[in-house]
Amino acid sequence: MGILAAFMVPHPPLIVPEVGRGEEKKIQKTVDAYEAVGRWIGQLEPETIVLLSPHQVMYADYFHISPGKGAEGDLGRFGAGQVKIRCSFDQAFVDELCRLAEARGLPAGKLGERDKALDHGTMVPLYFVEKYWKSYGLVRIGLSGLPLTEHYRLGQCIQEAAEDLDRRTVVIASGDLSHRLKEDGPYGFRKEGPAYDERIMEVMGEGTFGELFDFTEDFCERAGECGHRAFTILAGALDRTEIVTERLSYEGPFGVGYGICAYTAWGRDPGRDLKRQYEKRIREEIIKQREQEDAYVRLARRTIEGYVRTGELPEAESLKALPTEMTGRRAGVFVSLKKDGRLRGCIGTIQAVQPSIAEEIVHNAISAATHDPRFSPVGEDELEMLSVSVDVLGDAEPVTSLEELDVKRYGVIVTKGGRRGLLLPDLDGVDTVEEQIKIAREKAGIAPDEEVRLERFEVIRHHG
């Protein structure tokens, strides 16, 4: 049978009356919409519910799928220990999903369980579901730090598993929206908060899932969103599917956005292969970037592509043909790579190490692609999706006052003894000098209360 429907829901514990004790009435639209979702699922009578929770165990590079026969939990940490949820897992579905993920090279499986108990991101939705339907097997899945395209691919595997097993399946993406809607909210206010909620409710309310990929990592982080990755998995589970979309509710009175939308599967629609369309668009954009790249970026890209494919460095003779400004000068250089709008590698030198800027670019480009400890090495299949930029650093000069810094114009270096941290200027999501210094301190392992020496520098940024 496959996927019958999918639902985007929030998970505020206070929506449960035993927790809210009357406070839930302040988000009555959300309560009413949740009741409608519960009745809806009861009418569908699914054999399997796939629940995607941001509060399940989360790894940077792996999707955890709960193993075993089942699990239970309660809302004791929210003052309602009497509210308990017990469920059985659909082990056959879990096994099939793990098999499909492995076959497609997707890092997902049953390893790494830390806490068997159900989390509130799982229990709150099931509290409403179980008012109307209890004869289901659960598949509980955590999110990851992987790109949104990988979350979408996991959704595609969920769809295929449901079809392979002929399971009547419902997908629930559990996730609040922005946590930064009001000054007196849990994380204060940022303008990105309401901007995120308005945009995500348009996308999810209209079912234009391809636009989920266009939300940048920096924007989502500054908005303090919770469920974007879960929504993207839901979108993948409805890949190439004609859907009927219904926006049920949106509220944010406590400084956190709560949105509920429903999607009914209505047959096949080959035109909704959204991941392929997105990747095609990105490839076209990269081709345009290549046409505009100068000698600095062309050298970095050519170096990365040659090294990833063959393990070889550019020939020395090819460097001699570069402009004199690259071969006759020395400077520190940073090479940055992005994929799907997310950082994919960044390595640089504060001061010149190599005999020329060209050689500095070559060595740092290889390091950014293959030796950045935050990322796995770039694979050959990723090369056509990479954006490349090169920053050539000017000389550093001492700073005695924060007034001498400008987050858009100057990069900053913080030094304490042998510890040194650097942050480039004009970075997405870094809007103040204080933020810039804070991040540079963190990179160097320097505590906020330690006195530091400050330096500033300018850069010449080269990109497509």
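Good morning. I begin with arginine 240, which is placed in the loop between helix 8 (228–237) and strand 9 (241–251). Please keep in mind throughout that the model before us is predicted. The phi angle of arginine 240 is positive, near 55°, although the residue is not a glycine. Most residues other than glycine have a negative phi. At 36% relative accessibility, arginine 240 counts as partly exposed.

There is another arginine to consider here. Arginine 21 has a positive phi of about 50°, and it is not a glycine either. Its place is in the loop between helix 1 (17–20) and helix 2 (28–44). Is arginine 21 buried or exposed? With a relative accessibility of 59%, arginine 21 counts as exposed, because the cut-off for that word is over 50%.

Strand 7 covers residues 137–142, and 6 of its 6 residues are buried. Strand 7 pairs with strand 2 (residues 48–53) in the parallel sense, over 6 bridges. Within this pairing, valine 50 stands opposite valine 139 of strand 7. As a general point, strands of a sheet pair through backbone hydrogen bonds, either parallel or antiparallel.

Leucine 143 has a relative accessibility of 3%, so it counts as buried. Its C-alpha atom is separated by 18 Å from that of histidine 179, which is 36 residues away along the chain. Serine 144 is found in the loop between strand 7 and helix 5 as well. At 0% relative accessibility, serine 144 is also buried. Serine 144 and lysine 134 are 10 residues apart in sequence, yet 28 Å apart in space, C-alpha to C-alpha.

Strand 15 (residues 411–416) and strand 16 run antiparallel and are joined by 5 bridges. In one of these, lysine 416 has arginine 419 of strand 16 as its bridge partner.

I turn to the cysteines. How many disulfides does a search of the whole structure find? The search finds 0. Cysteine 157, for example, is in no disulfide, and the nearest cysteine sulfur, that of cysteine 98, is 10 Å away. Cysteine 157 is buried, with a relative accessible area of 3%. For cysteine 220, which is also in no disulfide, the nearest cysteine sulfur belongs to cysteine 226, at 12 Å. Cysteine 220 counts as buried too, at 8% relative accessibility.

Finally, the second largest pocket. About 150 Å³ of space lies in it. Its lining includes His11, Pro12, Pro13, Leu14 and His120, and also Asp176 and His179. Pro186, Tyr187, Val256 and Tyr258 belong to the lining as well. By type, these lining residues divide into 7 nonpolar, 3 polar and 1 charged. Thank you for your attention.

How values were computed: Residues numbered from 1 in each chain as written. Predicted model: local features only at pLDDT ≥ 70, side-chain atom pairs only at ≥ 80, totals over all residues. Heavy atoms only, no water. Disulfide = S-S within 2.5 Å. Buried < 20%, exposed > 50% of the residue type's maximum accessible area, 1.4 Å probe, protein only. 1 Å grid on protein atoms, 1.4 Å probe; cavity = no way out; pocket = protein on both sides within 12 Å on 5 of 7 lines; lining within 4 Å. Points joined across faces, edges and corners; volume = space filled by probe spheres on them. Nonpolar A, V, L, I, M, F, W, Y, C, P; charged D, E, K, R; others polar. Pairing = 2+ DSSP bridges. Helix = DSSP H or I, 4+ residues; strand = E, 2+ residues; numbered from the N terminus.
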